[in-house]
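Let us learn to read a protein model by asking about a few of its features. Keep the structure in view as you go.

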Amino acid sequence: MSRYFTRLRIKRFYSWGGRPHSVNRKLKTFYYDSLCLKTDGLSEPCLIKPGQYVLIEGDDDDFPYVAKLLKLFSSETGKRKLAEVQWFIRFHEIPFKKRRLLGREAHPQEVFFYQDKTCDTEIDAETIIDTVQVVFLAPDGAFPENTSKSTLYVKLCWDMKAFRPVEAEWVQPGPKPAPPVAPPPAPVARSLPTPDVAVMKRAHSVSLRQLSRSVGKLGAGEAESSHSASKLSASKALSRKRRGSCEATPGVRKKLDLSSPGKRLTKDDILDELLLEEVESRVELARRMPASPPQSPARVFSLSPMKVLNKSAVVISPPRLIGQNPPCPTRISPLPKQDSARARTPSLRKESSSSALREPALGSVAEEPPLDQAAMTPRSKRKSALLVSSRIRKQLNLLNTSANPVSDDSEDDCFLPSQEPKSSSGDEEVEEEGSDNDSVTVRKRRQTSHTPRSTRKGSASARTPRRTPSQKAPPTTPRTPRHATPSIPARSLPARKPRNVLEEARERLHVSSVPESLPCREQEFQDVYSFVESKIVDGIGGCMYISGVPGTGKTATVHEVIRSLQQAAELDEIPAFHFIEINGMKMTDPHQAYVQILQKLTDQKATADHAAALLAKRFNNPAPKKETTVLLVDELDLLWTRKQNVMYNLFDWPTRRHARLVVLAIANTMDLPERIMINRVASRLGLTRMSFQPYTFKQLQQIITSRLNHVKAFEEDALQLVSRKVAALSGDARRCLDICRRATEICEYSAAQQSGSGLVGMSHVMEALDEMFSSSYIAAIRCASVQEQIFLRAVLAEFRRLGLEEATFQQVFVQHQALCRVEGLQPISISEGLAVCQRLGACRLLLLEPSRLDVLRRVRLNVSQDDVLYALKEE
Amino acid sequence: MSKRKSKDTQWTAGECVSQVRIYINVKYCVFCTYLNPRILIQSVKSAPCYRCALPYILLALFGQAQKILRERYCYQRVPSSPVGIESQRKNLLELLRRTAIHGESNSVLIVGPRGSGKTMLLKSVLKELFEVREVQSNVLLVHLNGLLQTDDKIALKEITRQLQLENVVGDKVFGSFAENLTFLLEALKKGNRSSSRPVIFTLDEFDLFAHHKNQTLLYNLLDISQSAQTPVAVVGLTCRLDVLELLEKRVKSRFSHRQIHLLNPMDFHQYIETTQEHLGLPQDFPDERFAQEWNSSIKMLCEDRSVKDVLRKHFNTSKDFRSLHMLLLMALSRVTPTNPTIKPGDIQEASRLCSMDAKANILHGLSILELCLIIAMKHLSELYDGEPFNFQMVHNEFKKFIQRKSHSIHNFETPVVLKAFEHLQQLELINPMDGPSAKIQKEYQLVKLMLDHSQIMEALQKYPQCPTDVKQWATSAFG
């Protein structure tokens, strides 16, 4: 990753390069062909043009977002600078669960072509911080060896579900960016262009890279963006409106522009195509036209897909930038050229149905989904909108899949030859030689220069076949995993399967076994489901507080909801989302919550403070690619701190506009917000609350029955007894299941002794209940030694004498000696008496003060006096 | 000795030699120069002949017997078949077996007073469990003790160490507490019921774990036992009957509420039998004859009336076998070749030693002045009904005694009396009411007497050459 200056350190100023080249009257937007970026420390501004790859400010300073610039335009008022982009996604931004789909280690510099219909492609141009080079590689090709930090590689496309090879069209670069501001007037075609010194000086860190055995394109040039406080620019409504209108008549508007195809350019194109067939080499994206007037109002933006299309359709070879490079760089403005491309497009579309059909899919990456989303937003329409969008998506998927083979073939065809270093055509050779001659200087130039011309030259040198082999190296060895997660070793023998009905019943009744459904929580399930679903669908955030005593199925219900939602997301019924779970009990300190969230979200490790800062940034800043995050906070009360900042943040983030965070907080007490939260936290938590009532005996019975699922192991009465007993005590389903399990065990033992019915009956359940609920104090007193019993009696006697529930050991001991004499026992010494007292204290039949007080320690009973009397009388 | 000699034909030399480690490997005895052909094994130089060695052999046999018994009393050997707890044993064994073989997660508490055999039960169950080969290769054991692992951080490290996970990622595991926790949870979460090895956690002094912050460790262990992760069995040992009340409500909900109570409901007859068993020598004792003689003498001993009385007293105080072992150990150490069996007197003496009052013993060693101060304090605390007093008050009381009644005690200087007072404080016979940090002059610091009146009187009776006026002063009602 190239180093760029964070906005904290360096201010960036943005201005449009040149005047708008076109105007959308309806939307009152002005389209520009370049953005001028001036950084504080550097005197020379640099230009960013559509077609270049840019870095966009994101959550993470080290890993800004990557995108390809498609359009630059200003907002209605002209005050805001907006841009439309095609996103690329980094590996660590891909949802954790899906990462394994890649099936290999991701290259550190690898990005993926991002194909998500739901993500917002319109950004604030002032969030652009830099340009970057992006190189397309063959899916099976190796990564170049000495990767410069500023180059990213694209091999695959990520469409939210799977990694797919990048289709040929996308490799095709966008329309050539407009030339620099002040290019030297007339460079000669294909001659070594003399770089503009001023421009070269200005740009920094464009490094040379070589593209071995792969088709590539290179977005060269690097710019620095200035500026601060960048938020997603356009107001949603406006952008939707605009997009909607754009989409309503795309063809018409485009056709209107198609008026005059420039002849020379068509020729150029044909020439290029021929050249391509000969050369078949890896190409760089950013071979730009050396010169073109800055004012040229190139309408670059929406054309890229189409052009890509016609390339791949006409020439069965991977789209090459070369092809688009006019052999003779002239002053011709890109406009006619593009028009030519555009002019051809419609007809091509008609010719090749496959590619034409694919076009909307491509376009949709940028344009369609927002429309869907816009349509979906009103709640009332959600269902229908969903239906429509899903239908559309299905259709598109169908088309995609039908189109894919073709494109794959073509890709294969073109990739294969490209892997052999080829002897290229004459003029290519000339160029290469030329560039070789001053390869060192070229390298330097490429690092410093920013002009398309020099980039092009540099790329040529990079392609030199002569150099390629030497620089070819084995792909970078996969790094050893930074944190290998350990696991308990596997058992050498498999676990035994249950053999009889009782064992099977026991297995089914174990709390850990996931039931097929959650009975008795349908209403709660529905509520949570609709809450989370609506938030996900609308792409907004929200909080929900769920309370209930332990064992009432809170966490289980939420997990069930998430499972269903994930299924729905897999079926494309709702947008994909990210589920994170933290548990207050499973962390050592409330602030660890940040660390865990961050780690689960991005797989980064950070200290608590740093993690908090990163998360705040992530949730506060617009991040168009963001999926909705569903965060389950279990045992919320454990996250309490004195300042309550952890809870405050957790509930504050969802209220941020760009956060798309849904927080489900679970705790035991219903009035937790009122009791422990300060007002500002409680207010942010909101009023969406749900309380899980303890199960009634009928529900408990139903739970057991549904778990048993026709395994006949219990008598009806026995079940009823268990559920009634538990419902009366706590309504804790865990307890209920545990008792049932214990009852099966007891049944099994007794069945072994005498032949029973084989079913768990009342007696077994009674025994289990007794074991679990009966207090053992009375039994303990009965089993205590004689002196211990006498001591307890002495305690009672002393209490009666004092009229208090507390006495010192010394006082009790006097009574003890007297009682011993009455019983005809030899009195014990004080040391022995203390030992007796200590033993009773250890079982907690007595409560004692610490032992350093010796004979003066105070004694209290931990059992009721009646219990003691009862236990002692029985004898 | 002569009696022994007549029987000696039955003692084969080889047995004595190998077991008793007295090497008889000479032709000629170093003492009597008598050639004993029967024990002529190797012809080397200096060693006694069998007859001369007999006392040594006997000595060695007694040593051996004592060693066996002492080991039994001190090392808490697990008996091969514990008595009286068959049902509990079966219950626990089945539970752990299900974890080991079926991969079913469980949690259980073994509750019982100290010395009731909780650890013994667990050990014997684990021993039996690990005799199954299938279990041996599968189950991982983690022992934790609340007295050793005083907080969750240490406990986590210990778990990691015992699971031998620490070398998975080098020293990284022993990073922060938080890392350690997530690391371990992740490790346990990865497993599932059927494929990963079950882990048996035994938590000794379970109640102490409940005092850890937030009960994080217990929550997580019990949560794992209630979820479909690595199968675990959490076995807690505690002597607190109210242990469930210590658990936080969500921890409690996750605990399966299985409790095995060990309450030791044995009667005196069983107690005597067990005592006899504990005193007897095992069948595989090297010298059968010696063992037989010993065991019959023990049987006689246990039928003795005075011994029964002693044992009953002991039984009445505590059914705990550990305290019985103390008693037997003391009796055993009195056994010598000249005193070849445990006599009822030995048991009585041992019992006297065991039940001796420590504080009364201290009083025997006090000087007359200190004793007088103690008596003064006794009067003061009687007078003021247990209220604390200071040095000045005690000193005044003492002076009053000297002026009015004393004939034998002469007047001590105040610093001498203060010194005596401080010595009593050092012996902790008196305790200051507020901590040592309190900035009060020594003379006026409030203290309390930590002795019972009966102790003082008893000590006075036994005090050697106690002046009669002091005794009278002590018995008189007020000063």
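The dialogue below starts with chain A, then turns to aromatic rings and a pocket.

Q: What kind of model is this?
A: It is a predicted model.

Q: How many helices and strands does chain A have?
A: Chain A has 32 helices and 21 strands.

Q: What share of the residues of chain A counts as buried?
A: Of its 875 residues, 60% count as buried. The accessible surface of chain A is about 35000 Å². Carbon and sulfur atoms hold 55% of that surface.

Q: What share of the contacts in chain A joins residues 24 or more positions apart?
A: Take the contacts with a separation of 6 or more. Residues 24 or more positions apart account for 76% of them.

Q: How is a pair of aromatic rings described?
A: Two values do it: the distance of the centres and the angle of the planes. Over all chains, the count here is 14 aromatic pairs. Take B:Phe268 and B:Tyr271: their ring centres are 6.4 Å apart and their planes meet at 25°, so the pair is stacked.

Q: Where do B:Phe268 and B:Tyr271 lie in chain B?
A: Both are in helix α13, residues 268-279. They are three residues apart, about one turn of the helix.

Q: Are the rings of B:Tyr271 and B:Phe315 stacked or tilted?
A: Their centres are 4.9 Å apart and their planes are at 55°, so this pair is tilted. B:Tyr271 is in helix α13 and B:Phe315 in helix α15 (residues 305-317) of chain B, so the pair ties together parts 44 residues apart in sequence.

Q: Is B:Phe315 buried or exposed?
A: Buried means under 20% relative accessible area. B:Phe315 has 7%, so B:Phe315 counts as buried. B:Tyr271 is buried too, at 0%.

Q: Which residues do ring pairs link into a cluster?
A: B:Phe268, B:Tyr271, B:Phe315 and B:Phe321 form the cluster.

Q: Where does the charged end of A:Arg680 sit?
A: It sits over the ring of A:Tyr648, 5.0 Å from the ring centre. In another case, A:Arg724 lies over the face of A:Phe697, at 3.7 Å from the ring centre.

Q: What shows where empty space is left?
A: Rolling a probe the size of a water molecule over the atoms does. In this model, the second largest pocket holds about 1500 Å³ of space. Its lining has 45 residues. Among those nearest its centre are B:His278 and B:Phe321.

Q: Which element gives the largest share of that lining?
A: That is α13(B), with five residues. Other elements of chain B that give two or more include α3 (50-74) and α16 (321-332).

Note on methods:
Residues numbered from 1 in each chain as written. Chains lettered and ligands numbered in written order. Predicted model: local features only at pLDDT ≥ 70, side-chain atom pairs only at ≥ 80, totals over all residues. Heavy atoms only, no water. Helix = DSSP H or I, 4+ residues; strand = E, 2+ residues; numbered from the N terminus. Buried < 20%, exposed > 50% of the residue type's maximum accessible area, 1.4 Å probe, protein only. Contact = heavy atoms within 4.5 Å. Areas by Shrake-Rupley, 256 points an atom, 1.4 Å probe, with all protein chains shown as cover. Phe/Tyr/Trp six-rings, centres within 6.5 Å; stacked < 30°, edge-to-face > 60°. Lys NZ or Arg CZ within 6 Å of the ring centre and 35° of its normal. 1 Å grid on protein atoms, 1.4 Å probe; cavity = no way out; pocket = protein on both sides within 12 Å on 5 of 7 lines; lining within 4 Å. Points joined across faces, edges and corners; volume = space filled by probe spheres on them.
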